[in-house]
Amino acid sequence: MSAGIGLVHDWLTGQRGGEHVLAAIARLAPKAPIYTLFHLPGTVSAEIEAHPIVTSFLQRAPLLASHYRHYLPLFPAAMRSLDTSAHRLLISSSHCVAKGARRAPGGFHACYCHTPMRYAWDQRRAYFPAPSGPAGWLRERILDRLQAWDVATAGRVDLYLANSTFVAGRIRRYYGRSSEVLPPPVDTAFFRPGTEPHEAFVLMVAALAPYKKVDIAIAACRRAGVPLVVVGDGPERQRLVQAGGSTTHFAGRVGPEELRRLYATARCYLQTGIEDFGIATVEALACGTPVLALGEGGVLDIVESGRHGLLVDDPGVESLAAGIDKIQQMQFNPMDLRSR
C-alpha cells in the first residue's frame with residue numbers, strides 16, 4: 001500500500017453525517033486505503049467503497065450486521081489490530097476509537113473529531129440505563145475502561161480538528177488538547193429552496209438512536225397538534241413507531257431529491273437533542289426552512305434565534321410544543337436562511 005495517506009473511520013454501516021465527512025476527505029486522497037473496524041458492503045456511498053477498505057478482526061464476528069454495538073468492549077483492541085504504520089500521513093474521522101490509530105514513527109496524525117466517545121463520557125445515560133445489579137456494575141466498569149483508553153490515546157493525534165465550538169470545548173475538557181474548528185461539508189448547491197409552498201408538518205432527520213431524542217419530538221408535535229415526519233433509521237425504530245401513533249410518519253431512508261423536497265416544504269426543522277454540529281440543520285436552512293432546536297451544542301454555531309429559527313432553553317415536551325406554536329407565527333426570509 002501507499003506510504004502516503006491512510007484514512008481511518010470508526011465503522012462503515014450506513015451513510016450518515018460522519019460518512020459524508022469521510023467521503024469529502026476521501027476525495028482529497030482518491031487512492032488512499034480506509035481502515036475501519038468493520039464494513040457492511042452496500043451501506044455507504046460508492047465513492048467510499050471505491051477505496052481499498054481494510055477491516056479488523058471484528059469483520060468476522062457473528063451477527064455483526066444486527067449486533068455490532070454489542071462488541072463495544074472490543075473496539076479498542078480491534079483498532080489496535082489495524083496496522084496503519086505504513087502511512088506518513090494519517091487522517092482519522094472519529095467519534096469513537098478511530099482517533100486511537102497508531103501513526104508511523106515520524107509521521108503525522110490529523111483527527112477530524114466529530115466528538116469524544118459519547119457513551120463513555122457525558123451521554124452515558126442517553127445510551128445505557130442507570131447501573132443496576134451485577135450486569136449494570138460490569139457495564140459501568142467497561143465504560144470506565146473505555147473512558148480511560150480514550151484519554152490515554154489522545155496523544156496519538158498531532159492535530160485535532162473539531163466540527164464545532166461545542167466539540168472543541170469537549171476536546172479541551174476531556175483530552176486537555178486544543179483544536180481548530182472546521183465545520184463539516186454541506187452540499188448547499190444541491191440543498192436549495194424549491195417551488196412548492198411550505199406545508200403544515202414538522203421535519204426531523206436523525207438516526208433513530210437514544211441521544212437524538214426522537215421520542216421527545218413525537219410527544220411535542222402531538223402536544224402542538226402538528227404532524228411529524230421523521231427521516232432516518234436505527235435501533236430505536238420499532239419502539240418509536242409504536243410511540244408515534246397516527247400523527248408521526250417514519251419515512252426511513254430517503255433519496256437525496258426526496259430529502260430536499262421534505263426540507264423545502266416543511267414548516268420547520270426540529271432538533272430535540274444536543275448535536276455535536278448538526279449537518280441537517282444547515283441543509284434545512286439552505287432549503288429556506290427555519291430551525292427549532294434546543295439551544296445547546298453545535299447549533300449555537302448555526303442558528304441565531306429569532307433570525308434563522310428559534311432556540312429554546314428547556315428540552316421538555318411543553319417547551320418544545322410551545323416553540324412549535326411560536327415558530328409557526330413567525331416570519332422568515334428564505335434567502336436570509338439560505339445565506340446563513
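**Figure 1. Overall view of the predicted protein chain.** For 340 residues, a compact globule would have a radius of gyration near 20 Å, and the value of 20 Å for the protein chain agrees with this. The radius of gyration is taken over C-alpha atoms, and the globule rule is 2.2 Å times the number of residues to the power 0.38. The model is predicted, so that local features need pLDDT of at least 70 and side-chain atom pairs count only at pLDDT 80 or more, whereas totals for chains, interfaces and linings use all residues. Residues are numbered from 1 along each chain as its sequence is written, and side-chain values use heavy atoms, with hydrogens and water left out. The C-alpha trace spans about 60 × 50 × 35 Å along its principal axes. The chain has 13 helices and 13 strands; these are DSSP runs numbered from the N terminus, helices being H or I with at least four residues and strands E with at least two. Buried residues (under 20% relative accessible area, with exposed over 50% and partly exposed in between; 1.4 Å probe, protein chains only) make up 52% of the 340 residues. Of the contacts (heavy atoms within 4.5 Å) with a separation of 6 or more, 59% are accounted for by residues 24 or more positions apart.

Figure 2. The strands form an open sheet in the order 3-2-1-4-5-6-7, with parallel pairing; two strands pair if DSSP finds at least two bridges between them. Strand 3 (53-55) and strand 7 (180-181) stand at the edges with a single partner strand each, so one side of each is left without a neighbour in the sheet. Helix 1 (residues 17-27) packs on this sheet and touches strand 1 (5-9), strand 2 (34-36), strand 4 (89-94) and strand 5 (108-113). The direction of helix 1 makes about 175° with that of strand 1; axes are lines fitted to C-alpha atoms, for helices over the stretch in contact, and angles run from 0 to 180 degrees between N-to-C directions.

**Figure 3. Pairing of strands 1, 4 and 5.** Strand 1 and strand 4 run parallel and are joined by 5 bridges. Strand 4 also runs parallel to strand 5, to which 6 bridges join it. I91 of strand 4 stands opposite L7, and A110 in strand 5 stands opposite I91.

Figure 4. Strand 6 (residues 159-162) pairs with strand 7 in the parallel sense over 2 bridges, and the bridge partner of L161 in strand 7 is E180. Helix 7 (residues 165-175) lies across strand 5, strand 6 and strand 7, at about 140° to strand 6. Its buried residues are V167, A168, G169, R170, I171, Y174 and Y175. They pack against strand 5, helix 6 (133-152), strand 6 and strand 7. Just after helix 7, G176 takes a positive phi of about 65°.

Figure 5. Strand 8 (residues 202-205) and strand 9 (residues 228-231) run parallel and are joined by 4 bridges; V205 has V231 as its bridge partner in strand 9.

**Figure 6. Packing of helix 8 on helix 9.** Helix 8 (residues 214-224) and helix 9 (residues 237-244) pack at an angle of about 10°, their axes 10 Å apart. The two helices are therefore roughly parallel to each other; angles under 35 degrees count as roughly parallel, over 145 as roughly antiparallel, 65 to 115 as roughly perpendicular and the rest as oblique. Helix 8 contributes V214, D215, I218 and R222 to the contact, and helix 9 contributes R239, L240, A243 and G244.

Figure 7. Neighbours within four places in sequence aside, V282 is in contact with V186, F277 and I302. V282 and V186 are 96 residues apart in sequence and 7.2 Å apart in space, C-alpha to C-alpha.
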